[in-house]
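Morning, everyone. Have a look at the chain on the screen, and I'll walk you through it.

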Amino acid sequence: MQTKQNIFPGLEGVIACETDISYLDVENEEIVIRGYDLIELSKTESYLDLVYLLMNKKFPTKSERYQLEQELKNEYEVPKNVLSVLNLLPNQIDAMDALRTGISVLSGFEQELDDLSHEANKRKTIRLIAKVPSIVANSYHAKMKNDFIMPRKDLSYSANFLYMITGKVPTLLEESVFDQTLMVYSEHEMPNSTFTARVIASTTSDIYGALTGAVASLKGKLHGGANEAVMKMLLEAETIDGMECLIHQKLRDKERIMGFGHRVYMKKMDPRAQLMKEALLELIEEKGYQELYDMCVIGEEVMKKEKGLYPNLDYYAAPVYYLLGIPVDLYTPIFLAARTIGICTHVIEQHDHNRLFRPRVEYTGPRNLHV
């Protein structure tokens, strides 16, 4: 007779592995990255500093940071055949599906694909961080039947990424805010997409395959698609009163309000959301559109009062992206691009200390049937 086992739906609260990459300290409202507070780093450092920290377990010197930036720029170019495949995709394709396809095709040009050593994986991580932004931007341009926008090595990593999306060189504030968004999306312990990547990597599959699986996971609106849903809700509401009425209507209809609640941040606001709320104010001071900020605030107040829920990162990242001129369809692909460093770091750790993931189940079906 089978013994009843403890079951944790969604693996909530289950410790799946040991890691020295990151940790969510909810009680102290701290997102720990290699021992540092992510929010603190996002206010003082840059995305590339964080990339170096995740890959090397220490902060770069000025020369090391410069070398990293040059290595990335040397790897910016995406093979022409990958861009050609993007042009062949149907117009109605979802942006995340296009990104998944682009990364999968890109793997065919990787000469070290099956080398799972630590150093080879680090080199592949650099190539992916360098090339994924181009795939994100140009898969969208292909879908819209626009010309591809090639990377510019005279711009910083974040400025170049934003330039490839919008076709405009960003202002210093736009560059700074976008860099900050990349930082807050970069790593977050063990969400679904990272877990997916580690499960794939545990079979000794390659880093491109693991990242491709993570893209598929992140596509879901319960994980990465929430930022797009938030912006669509804001655009539908149009005004402060419209936002309040729309949320109340959705609640009456028992619809899920995207951008609120988090499996980890249940009693407090996601600290990354607070950072994006402040960034939104900075952009509004430069660009105007105060009403957009006020719409977000009224939505936050209604959800706290009616449901006791707080904003997560996606709620305030969405209007930030909007004021940066980023098409809504690209919000989730940018999330993935920013998270590439976090996911790849987890894959490297998984390959370095591998154990195959192979959980069991609590069987609830019939037994002893015979034909």
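Start with helix H6, residues 118–143. Helix H6 has 26 residues and reaches 36 Å from its first C-alpha to its last. The expected value is 38 Å at 1.5 Å a residue, and H6 comes close to that. That expected span is 1.5 Å times one less than the number of residues. A word on names: helices (H or I, at least four residues) and strands (E, at least two) are DSSP runs, numbered from the N terminus.

Before I go on, some ground rules. This is a predicted model, where local features need pLDDT of at least 70 and side-chain atom pairs count only at pLDDT 80 or more, while totals for chains, interfaces and linings use all residues. Residues are numbered from 1 along each chain as its sequence is written, and side-chain values use heavy atoms, with hydrogens and water left out.

Back to H6. Where does H6 bend? At Lys-131, by about 30°. The bend is the angle between two fitted axes, one for the seven residues ending at that position and one for the seven starting there. A proline, Pro-133, follows within four residues. Is H6 mostly covered or mostly open? Mostly covered: 22 of its 26 residues are buried. Buried means under 20% relative accessible area, exposed means over 50%, and partly exposed lies in between (1.4 Å probe, protein chains only). After H6 comes Lys-145, with a positive phi near 60°.

Next, helix H5, residues 95–107. Asp-97 is found there. Asp-97 counts as buried because its relative accessibility is 15%. Its side chain makes a polar contact of 3.2 Å with the side chain of Arg-100. A polar contact is a pair of N or O atoms within 3.5 Å; within protein, one must be able to donate a hydrogen and the other to accept it, and residues adjacent in sequence count only if both atoms are side-chain atoms. Helices have a rule that helps here. An α-helix has 3.6 residues a turn, so residues three or four places apart point the same way. Now compare Asp-97 with Ile-348: they are 251 residues apart in sequence and 24 Å apart in space, C-alpha to C-alpha.

Now the sheet. The sheet is open, with three strands in the order S1-S2-S3 and antiparallel pairing. Strands pair if DSSP finds at least two bridges between them. The edge strands are S1 (22–25) and S3 (36–37), each pairing on one side only. Four bridges join S1 to S2. The S1 and S2 hairpin has four residues between its strands, and Glu-29 takes a positive phi near 50°. Two bridges join S2 (residues 30–33) to S3. There, Ile-33 partners Tyr-36.

On to cysteines. Cys-17 is partly exposed, at 23% relative accessibility. Cys-344 is buried, at 0%.

Last, the whole chain. There are 16 helices and three strands. Of the 371 residues, 52% count as buried. The C-alpha trace spans about 65 × 50 × 45 Å along its principal axes. The radius of gyration is 21 Å, which agrees with the value near 21 Å for a compact globule of 371 residues. That radius is taken over C-alpha atoms, and the globule rule is 2.2 Å times the number of residues to the power 0.38.
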